[in-house]
Amino acid sequence: MTDFSYQLYSSRNFGPMSKTLRMLADLGYVAAEGYGALYDDDDKIDALKAALDDTGLALRSSHVGLDLLEGDVDRALRIAEKLGLREVYGPHIGPDERPTDKAGWVAFGDRLAEAARPYLAEGMIFGWHNHDFEFAALPDGTLPIDAMLGADESLSFEFDVAWAVVANVDPQDSIAKYGKRVTAAHVKDRAAPGKTDEDGWADVGDGVIDWGNLITQLKANGTPNLIMEHDNPSDDVRFATASIAHAKSL
């Protein structure tokens, strides 16, 4: 049976992380994925560590902002060691930071590869998590994600499948293209057209994405880290419960 992780950002609006982690453990999740705000101060980190120890969940991976990954490597590595992190992914860059041509995205990939060095030296996975803009073709037809990842083979890819679908990309093509470099994937669904509550996201299995075929492909690809995510659920317990039930049924 496939083990599933859970992006804790999905539950950011629903009380303390200790409550969320207990809920996840009770539902059969084996791991969680962190995000930047959890590491704002040492008290938050200590509380997260205590809750992980109490529930037996692993913090397998995390989104970590480039300001921390690049700007305070020692602190980032201390956090990773304390919490047991083995995978870190840059999560996002704002519109004003995004390159506008292929050369710029290749340079951004080079920047990520340089930032990755101390983490790779510790045996960690270092990569990038996409939104839709990385799949928006540049004037010459190049996709930014291809330019980024093409810059250096050491970079891994956390594939947010649903954002690729938003960009009108067939996610199966991306999995086939990047193969073993897809070290993690967000198991996430888009609501049917016209359904705009929860910002157009859906519980896994309640949307339009064919997760039966995708999970089969990801497993065959050897992608080890499958992570449930919903960007804005109105009820995180409903989302976590329905999504793992559906995914396990596949």
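Biologist: Which residues line the largest cavity?

Modeller: First the general idea: rolling a probe the size of a water molecule over the atoms shows where empty space is left. On a 1 Å grid over the protein atoms alone, a cavity is a set of points where a 1.4 Å probe fits but cannot get out, and lining residues have an atom within 4 Å of a point. In this structure the largest cavity is lined by Tyr 39, Val 64, Leu 68, Leu 69, Ala 76, Leu 77, Ile 79, Ala 80, Leu 85, Val 88, Tyr 119 and Met 124. Helix H3 (66-71) and helix H4 (73-83) are the elements that give two or more residues to this lining, and H4 gives the most, with four residues. Helices here are DSSP runs of H or I with at least four residues, strands are runs of E with at least two, and both are numbered from the N terminus.

Biologist: Before we go on, what kind of model is this?

Modeller: This is a predicted model, where local features need pLDDT of at least 70, side-chain atom pairs count only at pLDDT 80 or more, and totals for chains, interfaces and linings use all residues. Residues are numbered from 1 along each chain as its sequence is written, and side-chain values use heavy atoms, with hydrogens and water left out.

Biologist: What volume does the largest cavity have, and how many residues of each class are in its lining?

Modeller: Its volume is about 60 Å³, where a volume is the space filled by probe spheres set on the points, and grid points are joined across faces, edges and corners. A search of the whole structure finds one cavity of 30 Å³ or more. The lining has twelve nonpolar, no polar and no charged residues. For these classes, Ala, Val, Leu, Ile, Met, Phe, Trp, Tyr, Cys and Pro count as nonpolar, Asp, Glu, Lys and Arg as charged, and the others, Gly among them, as polar.

Biologist: Take one of those lining residues, Leu 69. Is Leu 69 buried or exposed?

Modeller: Leu 69 sits in helix H3 and is buried, with a relative accessible area of 1%. Buried means under 20% relative accessible area, exposed over 50%, and partly exposed in between (1.4 Å probe, protein chains only). Leaving aside neighbours within four places in sequence, Leu 69 is in contact (heavy atoms within 4.5 Å) with Val 64, Val 88, Gly 90, Tyr 119 and Phe 126.

Biologist: And how should I read a nonpolar core?

Modeller: In soluble globular proteins, nonpolar side chains tend to be buried together. A nonpolar core is a set of buried Ala, Val, Leu, Ile, Met, Phe, Trp, Tyr and Cys residues joined through side-chain atoms within 4.5 Å. The largest one here has 72 residues, of which Leu 8, Tyr 39 and Met 228 touch the most other members. Helix H5 (residues 102-121) gives the most to this core, with six residues.

Biologist: What about open space: which residues are closest to the centre of the largest pocket?

Modeller: A pocket is an open set of grid points with protein on both sides within 12 Å along at least five of seven lines. The largest pocket holds about 190 Å³ of space. Of the 14 residues that line it, the closest to its centre are Tyr 9, His 63, Pro 91, His 129 and His 131. By class, this lining has four nonpolar, six polar and four charged residues.

Biologist: Now a helix: which residues of H8 are buried?

Modeller: The buried ones are Pro 171, Ser 174, Ile 175 and Tyr 178. Seen down the axis of H8, they fall within an arc of 100°, so they line one face of the helix; the arc is that of the directions from the helix axis to the C-beta atoms. On the face turned away from that buried side are the exposed residues Asp 173, Ala 176 and Lys 177.

Biologist: Where does Arg 181 lie, and is Arg 181 buried or exposed?

Modeller: Arg 181 is in the loop between helix H8 (171-178) and strand E7 (182-187), and at 13% relative accessibility Arg 181 counts as buried. Among its contacts beyond four places in sequence are Asp 152, Glu 153 and Ser 156. Ser 156, in strand E6, is also buried, at 11% relative accessibility.
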